[in-house]
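Subject: Handover of a protein structure

Dear colleague,

Please find below the structure that I am handing over to you.

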Amino acid sequence: LYSMPWKVKDYKLNEQFQQAPKELTRQGATVSIQDVVLEEEWTKPPEYLREADLISLMDKFGIGTDASIPMHIQTNVDRGYCMVCGPSEDEYSGAPGPRIFDGKGKGKGKGKGGKDSQQPRPSSRHMVPTGLGLAVCEGMRSILPEMVDSKLRAGMEGQMKQIADGLM
């Protein structure tokens, strides 16, 4: 859960525990087993962060406004720090899904996802870091760790709002 804190709510652990019969949840309770099924599965790499989850996290930490968050994401795509991809086609490979937007050009004209496009709309949009994006993050983290801390950015945004409101 540490590597994917945004997924905690999907597990619904509290709801599952509350649905168990009360006699099974008390200490020392005995349970008779009626059937055992063995299923073989392989571990899967975590999915890439969905764009909607990134927006929720930015909002939670006070980074950006409703108007500026899409621009922040677009700037990162344009600079080559990440790509926006659909869900992975092979859930066990860890490979990103098909690329949705490459940051080049504007609008949704022919062949760019507009009404003449042949590509179906993906079920979700995932933020996939590039080698450059990972290198920049790691470099900043090793040289000046405060720069990659969400609290610093949120504090700066708060000060900018105070200046805009005439309080500073």
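In helix H4, the buried residues are Glu-51, Asp-53, Leu-54 and Met-58. Here helices (H or I, at least four residues) and strands (E, at least two) are DSSP runs, numbered from the N terminus, while buried means under 20% relative accessible area, exposed over 50%, and partly exposed in between (1.4 Å probe, protein chains only). These four residues lie on the same side of H4, because they cover an arc of only 160° around the axis; the arc is that of the directions from the helix axis to the C-beta atoms. As background, an α-helix has 3.6 residues a turn, so residues three or four places apart point the same way. Ala-52, Asp-59 and Lys-60 are exposed on the other side of H4. After H4 comes Gly-62, which has a positive phi, near 70°.

Please note that this is a predicted model, in which local features need pLDDT of at least 70 and side-chain atom pairs count only at pLDDT 80 or more, whereas totals for chains, interfaces and linings use all residues. Residues are numbered from 1 along each chain as its sequence is written, and side-chain values use heavy atoms, with hydrogens and water left out.

The protein has seven helices and four strands, arranged along the sequence as α-α-α-β-α-α-β-β-β-α-α. Of its 168 residues, 17% are buried.

Which residues make up the largest nonpolar core? This core consists of ten residues: Leu-49, Leu-54, Met-58, Ile-63, Ile-69, Ile-73, Val-77, Cys-82, Val-84 and Met-127. A nonpolar core is a set of buried Ala, Val, Leu, Ile, Met, Phe, Trp, Tyr and Cys residues joined through side-chain atoms within 4.5 Å. At least two residues of the core come from each of helix H4 (51-60), helix H5 (69-78) and strand E2 (82-85), and H5 gives the most, with three. Met-127 is in contact (heavy atoms within 4.5 Å) with several residues beyond its neighbours within four places in sequence, among them Leu-49, Leu-54, Ile-73, Cys-82 and Val-84.

Salt bridges form the next topic. A salt bridge is a side-chain nitrogen of Lys or Arg within 4 Å of a carboxyl oxygen of Asp or Glu, and by this rule there are five. One of them joins Glu-51 to Arg-125, with the closest N and O atoms 2.5 Å apart. This pair links distant parts of the chain, since Glu-51 belongs to H4 and Arg-125 to the loop between strand E3 (99-101) and strand E4 (126-129), 74 residues apart. Glu-51 counts as buried because its relative accessibility is 15%, whereas Arg-125, at 32%, counts as partly exposed. Another salt bridge, at 3.0 Å from N to O, is formed by the side chains of Asp-165 and Lys-161.

Finally, the surface carries a nonpolar patch of about 610 Å², made by Met-140, Ile-143, Leu-144, Met-147, Val-148, Leu-152 and Met-156. Helix H6 (131-143) and helix H7 (150-164) are the elements that give two or more residues to this patch. Patches are made of residues with over 30% relative accessible area and no salt bridge; like charges are joined within 9 Å, and nonpolar side chains (Val, Leu, Ile, Met, Phe, Trp, Tyr) within 5 Å. Accessible areas come from the Shrake-Rupley method with a 1.4 Å probe, and for residues only the protein chains shown count as cover.

Yours sincerely
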